[in-house]
Amino acid sequence: MTDHVERRPRNFGPGIIHLGLGNFHRAHMATYTRAAIDAHGGDWGIIGVASRTAAVVDAMKKQDFCYTVAQISPDDYSYSVPNVHTDALVAANEGERLLELIADPRIKIVSLTVTENGYTFDPVTRRLNLADARVQQDLDGHELPVTPIGQIALGLERRMLAGNGPVTILSCDNLSHNGALTKTLVADFIAELPQGRGVSLALWIQRNVTFPSTMVDRIVPSTTQELIDQVTSATGYTDAVPVPAEPFSMWIIEDNFAAGRPQWEAGGAIFSDEVDKFEQLKVRLLNGTHSLLAYLGALSGAATIPESVSDPWIADAARKVLREEYLPSVQVPQGVDVRAYEAELFGRWRNVALGHRTSQVGSDGSVKLRERVPFPSQQLRENGQSRELLALTVSGYLSCVSPLPGFDPGEHARAMQDPLREVLRERTAAASNGTELAHIALAELRFLGDDVAEDQEFIARVGRYVDLLHSSGPREALSEAMNTTEWKRA
Ligand code: CS2
């Protein structure tokens with residue numbers, strides 16, 4: 001890169017293999033890891049693994065693993081090149097090598113950012129989804145594993161057989177108790193292996209593998225051609241895979257590593273016993289409110305989160321859902337000032353230059369909302385408190401992803417991807433109103449779990465808001481949801 005973008009040399013070997021070579025990992029963990037190596041040395045280079053698509057891997061190889069992180073705030077762009085990856089591969093093409101690498105004694109940490117959807121778990125039971133064809137294929141063992149959980153379990157088996165010692169599995173996805181969940185899913189997979197093959201492996205894992213929980217936070221949109229052009233003109237280098245990211249970044253980690261770790265503190269990471277509380281705070285206040293901004297925004301024609309939050313009606317609803325419907329179920333970690341946290345969130349959402357798309361945040365809602373809505377809703381219900389904006393969020397999701405026949409939710413909603421989209425559409429095709437749609441999605445398909453499936457009052461409100469969103473639009477729906485309880489803006 002040019003002289004104003006430092007390209008630090010890479011004089012270290014690999015110690016981490018990372019599943020999920022997406023933008024988030026490349027702007028988050030990669031920068032912390034580079035800071036740790038710069039400050040303390042160590043062979044903590046990262047081997048990045050993309051699951052199926054070769055584009056990022058090919059480009060990174062071509063660029064000798066150098067790519068640019070463009071840190072974007074409304075008034076400033078700054079650029080850095082982590083240059084921390086030592087290799088990259090595509091799991092679908094090099095499955096054998098992936099298993100070998102998980103077993104490689106140089107590797108001390110296997111980390112993951114494979115999104116909520118990549119864990120192949122049943123969101124209702126939070127156990128491995130044995131009905132998933134890919135999970136079954138991995139268990140059959142005729143081909144190399146394709147699911148991250150299968151890859152980790154079978155890689156660990158190789159490691160055990162090779163006598164290559166302890167290793168840490170580090171989940172960096174927005175799932176509550178992400179370490180414990182990953183551990184359960186790996187154990188579920190191993191328990192299903194034929195002919196008692198998993199018995200000694202389960203024991204070995206118990207003694208040699210840890211699964212710390214983490215809370216990760218940085219808003220990292222997708223790369224656009226505009227960013228590629230911007231980086232080229234600013235740095236003088238053509239980078240095919242730069243990553244845009246906001247200035248804010250946070251990483252809270254449980255300090256439970258089986259085979260050592262980089263000194264990520266050098267990049268600002270915090271090791272804490274309160275990871276679960278930080279995770280709750282973030283998954284509900286940031287991610288939960290984000291979902292409302294995405295669905296109501298998309299239905300109002302907003303392409304981006306900043307556009308959505310600039311609508312005073314939506315901003316007001318976001319503040320209310322955050323304070324009155326998410327916050328009551330959060331145990332605030334020590335030292336966190338919630339009002340300052342909220343103010344910072346609104347600042348981050350208003351980052352116009354970042355252009356975070358409503359369709360990106362709204363994607364995979366069937367898996368994300370399961371993490372965000374049911375627990376707070378249940379708690380409010382038990383305390384006799386209003387859940388109107390949680391219901392509105394869910395109805396926004398249904399209206400975007402599986403609307404009633406004849407309703408066009410608009411281009412931003414149509415661009416949302418969702419693993420449940422086809423099933424939802426098929427099952428709700430005959431629904432003639434919001435009540436029926438909500439009943440099929442929540443009580444029959446039970447996509448938000450058992451508590452919500454039995455919660456007639458909540459389902460009725462979701463149905464009502466689907467009807468309002470379809471017939472009168474977001475403004476009317478927001479107005480009704482905001483007026484059901486008194487709201488003090490101060
Ligand atoms: C967002 C997150 O897509 C989403 O659901 O809420 O990706 C969010 O931007 C990050 O978790 C921020 O750390």
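**Briefing: cavity, sheet and domains of a predicted model**

By class, the residues that line the largest cavity are five nonpolar, three polar and one charged. Here Ala, Val, Leu, Ile, Met, Phe, Trp, Tyr, Cys and Pro count as nonpolar, Asp, Glu, Lys and Arg as charged, and the others, Gly among them, as polar. The model is predicted: local features need pLDDT of at least 70, side-chain atom pairs count only at pLDDT 80 or more, and totals for chains, interfaces and linings use all residues. Residues are numbered from 1 along each chain as its sequence is written, and side-chain values use heavy atoms, with hydrogens and water left out.

**Cavity**

- One cavity of 30 Å³ or more is found in a search of the whole structure; a cavity is a set of points on a 1 Å grid over the protein atoms alone where a 1.4 Å probe fits but cannot get out.
- The largest cavity has a volume of about 40 Å³, a volume being the space filled by probe spheres set on the points, which are joined across faces, edges and corners.
- Its lining, meaning residues with an atom within 4 Å of a point, consists of I219, H290, I305, P306, R348, W349, N351, L354 and H356.
- Helix 11 (305-309) and helix 13 (338-349) are the elements that give two or more residues to this lining; helices (H or I, at least four residues) and strands (E, at least two) are DSSP runs numbered from the N terminus.

- Six strands form an open sheet in the order 5-2-1-6-9-10, with parallel pairing; two strands pair if DSSP finds at least two bridges between them.
- Strand 5 (85-90) and strand 10 (209-210) each have a single partner strand at the edges, so one side of each lacks a neighbour in the sheet.
- Strand 2 (residues 45-50) runs parallel to strand 5 and is joined to strand 5 by five bridges.
- G48 lies opposite A88 in strand 5.

**Domains**

- The domain assignment, automatic or from a database, gives domain 1 (14-271) and domain 2 (275-483).
- Contact (heavy atoms within 4.5 Å) links 35 residues of domain 1 with 29 residues of domain 2.

Methods:
1 Å grid on protein atoms, 1.4 Å probe; cavity = no way out; pocket = protein on both sides within 12 Å on 5 of 7 lines; lining within 4 Å.
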